[in-house]
Amino acid sequence: MSGKTLILNLKKDSETLATLELTKGCAEIFVGRSRSCAMRTPSDDHSVSGSHARVYWKSGCAYIEDSGSKNGIYVNGLRIAKPVKLEDGGIYGIGNCRLVVTRKRKNEVAARDRHHQLEFINGDRAHDIVDICPKKD
């Protein structure tokens, strides 16, 4: 996804573990259990590797790639084999966690009206898709 600033939300179940603004051209960041990662998952969640995923900018677009993890990264229920562009509203499965990506908008109302979907990758609800609508004031 091209755009000047992305908002990355790392979530596990309904809990937000970390939020990060990623500005176009900034240094790469890593997601994982390691203390050296910019976005950390719980240290006891062994579905996520120490350095599980790398997020970086190339030619004006943000990408995510697996950094040699055991369990991989999933997009739309499929494990990725190469870097993929981050998409606005995209949900990227990282072990039992999800990286949710949105583009930072100048108009806050437009951001509140966005609609997202969550797809369960594992467990009893694997492949179920749930609509997620922001709470309206």
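## Basis of the model

The model is predicted, with local features needing pLDDT of at least 70 and side-chain atom pairs counting only at pLDDT 80 or more, while totals for chains, interfaces and linings use all residues. Residues are numbered from 1 along each chain as its sequence is written, and side-chain values use heavy atoms, with hydrogens and water left out.

## Overall make-up

Read from the N terminus, the order is β-β-β-β-β-β-β-β-β-β-β-α-β-β. Of its 137 residues, 39% are buried, that is, under 20% relative accessible area with a 1.4 Å probe and protein chains only.

## The open sheet

Six strands make up an open sheet with antiparallel pairing, in the order E2-E1-E11-E10-E7-E8; two strands pair if DSSP finds at least two bridges between them. Its edges are strand E2 (15-23) and strand E8 (78-79), each of which pairs on one side only.

Within this sheet, strand E7 (residues 73-75) and strand E10 (residues 91-94) are joined in the antiparallel sense over three bridges, and Tyr74 stands opposite Gly93 in E10.

Leaving aside neighbours within four places in sequence, Ser49 is in contact (heavy atoms within 4.5 Å) with Gly32, Arg33, Ser69 and Lys70. The side chain of Ser49 also reaches the backbone nitrogen of Lys70 at 3.2 Å.

Terms used: Helices (H or I, at least four residues) and strands (E, at least two) are DSSP runs, numbered from the N terminus. Buried means under 20% relative accessible area, exposed over 50%, partly exposed in between (1.4 Å probe, protein chains only). A polar contact is a pair of N or O atoms within 3.5 Å; within protein, one must be able to donate a hydrogen and the other to accept it, and residues adjacent in sequence count only if both atoms are side-chain atoms.
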